[in-house]
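Dear colleague,

Please find the structure we spoke about just below. My notes on its salt bridges and pockets follow it.

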Amino acid sequence: MPKRELSVLVSGYTFLEGLRWHEGRLWASDFYTGKVIAVDLLGRAEVICRVLEQPSGLGWLPDGRLLISSMKDRKLLRREADGRLVPHADLSALTGGPINDLVVDAQGRAYVGNFGFDLMAGQPFATTTLVRVDPDGVAQVVADGLWFPNGSFITPDGKTLIVNETFGNRISEFDILPDGALGPRRDWAHFGALPDSDDLSVLIAASAIGPDGGALDAEGALWVADAIGKRIVRMARGGRILEQIDTGELGIFAAALGGPDGRTLFMAAAPDFIEANRRAKPEGRILVTEVDVPHAGRP
């Protein structure tokens with residue numbers, strides 16, 4: 001495997017998530033300051049807006065308006081052209097915990113994951129739903145029984161949705177039907193059955209990987225941020241690891257491919273994902289390196 005040189009683009013944040021390359025800049029959510037930021041390749045950051053109930057997933061409607069997951073009140077927000085944040089959809093009745101990452105398709109339909117339980121309060125693990133929000137804000141459950149649905153990706157042809165299940169030891173995929181409904185779940189990659197337990201520590205101990213955020217490339221491989229392994233891996237469909245970048249004492253929790261040629265890999269790094277730790281010390285940063293295969297699909 002090649003040896004990638006890593007550098008720091010920006011630092012001093014609490015916990016960065018939702019990385020997106022959009023209009024020549026990297027966009028990200030900083031959980032515990034509530035900031036949504038955009039950063040150029042020189043590391044110059046602009047605060048786009050602040051989300052009081054904790055921002056996460058980001059995506060854009062076809063008309064250019066930004067959608068933001070507001071985690072703790074489980075609302076999808078929309079940033080209007082004048083900069084105002086307005087409610088786009090309330091997902092509290094359709095989700096089992098804080099809403100999280102999302103992906104928006106070419107028609108403006110957002111597929112939104114959620115925790116399923118209160119992770120930071122130490123609640124027992126529970127499987128949960130994936131919700132589709134149409135451009136008019138109407139929301140409905142399109143999949144259930146998922147193990148912490150997180151980073152999600154749409155293939156370049158718009159026909160397949162890939163979903164990282166962080167505490168499920170698997171990555172799932174679904175056919176996207178013409179009306180935005182999803183076909184039956186199937187494995188994109190599976191790393192072994194997990195114990196029948198609602199104890200998250202037991203599930204993590206039995207997992208080979210904790211798929212968090214990531215990025216799809218033009219060869220159909222997926223860069224997968226491993227939330228439990230302090231690494232990011234490039235993976236082929238079926239689960240074969242094509243490349244691994246180890247990051248020492250830092251975990252990787254989100255990623256994006258971007259830059260002028262789509263070959264810059266951006267990684268959201270922090271020592272861990274524990275809220276109390278991340279609020280106490282602003283150690284979150286964006287790492288960057290150059291890779292061989294450019295971005296494809298959405299986001």
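**Salt bridges and pockets**

Arg132 is buried, at a relative accessible area of 5%, where buried means under 20% relative accessible area, with exposed being over 50% and partly exposed in between, for a 1.4 Å probe and protein chains only. Please bear in mind that this is a predicted model, in which local features need pLDDT of at least 70 and side-chain atom pairs count only at pLDDT 80 or more, while totals for chains, interfaces and linings use all residues. Residues are numbered from 1 along each chain as its sequence is written, and side-chain values use heavy atoms, with hydrogens and water left out.

The side chain of Arg132 forms a salt bridge with that of Asp134 (2.7 Å, N to O), a salt bridge being a side-chain nitrogen of Lys or Arg within 4 Å of a carboxyl oxygen of Asp or Glu. Asp134 is buried as well, at 17% relative accessibility. Arg109 and Asp105 also meet in a salt bridge, at 2.7 Å from N to O; here Arg109 has a relative accessible area of 11% and is buried, and Asp105, at 5%, counts as buried too. By this rule the count of salt bridges comes to 24.

One of them joins the side chains of Arg237 and Glu173 (2.2 Å, N to O). This pair links distant parts of the chain, 64 residues apart, with Arg237 in the loop between strand S20 (231–235) and strand S21 (241–246) and Glu173 in strand S16 (residues 170–175); strands are DSSP runs (E, at least two residues), numbered from the N terminus. Glu173 is buried, with a relative accessible area of 5%.

As for open space, a pocket is, on a 1 Å grid over the protein atoms alone, an open set of points where a 1.4 Å probe fits, with protein on both sides within 12 Å along at least five of seven lines, and its lining residues have an atom within 4 Å of a point. The largest pocket has a volume of about 430 Å³, a volume being the space filled by probe spheres set on the points. Its lining comprises 32 residues, of which Arg20, Trp21, Trp60, Arg298 and Pro299 lie nearest the centre. Domain 1 (42–207) and domain 2 (210–291) both contribute to that lining, so the largest pocket lies between them; the domain bounds come from an automatic or database domain assignment.

The second largest pocket, of about 240 Å³, is lined by 22 residues, with Phe31, Phe115, Leu119, Met120 and Phe148 nearest its centre.

With best regards

Methods. Helix = DSSP H or I, 4+ residues; strand = E, 2+ residues; numbered from the N terminus.
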